[in-house]
Amino acid sequence: DTIDISNRNRIRTAWSNIGKPKVDIVKHELESINPFCKVIYSRDTDKDTTHNMFKQAPKLDIIVDAIDNIADKYYLRKLARKHKIPLISAADVGDNVIIDIERYDQDPLPQPFLGKIPNIEQIDFDQLTELDKKKMIIKLIGFRSNSEDMLTSLQQLGKQLGTWPQLGSTATIAGGVVTTIIKKIIAQEDVQSGRYYLDLDAPL
């Protein structure tokens, strides 16, 4: 994926990076922060390349799912389950953040997507239309912690809107929450599988 003009409402990057691969930009920023770090990455997104990342050294400790494609999201969970690696994903909806934690490194193993898409292993993703896939993402996110404006926008997906609206402020909050959860898992704190909400629409 590459940086698009529409990404700049939530991604802090220079205008000169428009059109450049996101992985290249992240690699450059990480090395600018810590010139001694070693960043392993690939622009290839085929299944073999993804699977090789799970088999090669260094061993993966945690997976952060930031993929939009529902079939790829499911494949990532299949690999996480097979290799017993915890997986975290976040959705920024309006001013609120939804966090899913799937501890495939703990027993009992969670169901993919925490069971929010029943019988997902029987779905033929190649037969789904783009609208079907977007509806599945909406079903996965659910309607809790969505503002009235956000719910209205979701109903316009595939019609007047190409994708769901996102805010830079909420995306930044989501990144901070995911980072904190990573720290807690690495530090072996008590982090359980489940869905968690950061609801900033609630009365303060």
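Modeller: A residue counts as buried under 20% relative accessible area, as exposed over 50% and as partly exposed in between, for a 1.4 Å probe and protein chains only. This is a predicted model, in which local features need pLDDT of at least 70 and side-chain atom pairs count only at pLDDT 80 or more, while totals for chains, interfaces and linings use all residues. Residues are numbered from 1 along each chain as its sequence is written, and side-chain values use heavy atoms, with hydrogens and water left out.

Biologist: What is the relative accessible area of lysine 183?

Modeller: The side chain of lysine 183 meets that of glutamate 189 in a salt bridge (a side-chain nitrogen of Lys or Arg within 4 Å of a carboxyl oxygen of Asp or Glu). Lysine 183 is partly exposed, because its relative accessible area is 45%.

Biologist: How many of the seven residues of strand β3 are buried?

Modeller: Helices (H or I, at least four residues) and strands (E, at least two) are DSSP runs, numbered from the N terminus. In a regular strand the side chains alternate between the two faces of the sheet. Both faces of β3 are covered, with Asn96 among the buried residues on one side and Val97 among those on the other. Strand β3, residues 96–102, is therefore largely enclosed by the rest of the structure, the buried count being seven of the seven.
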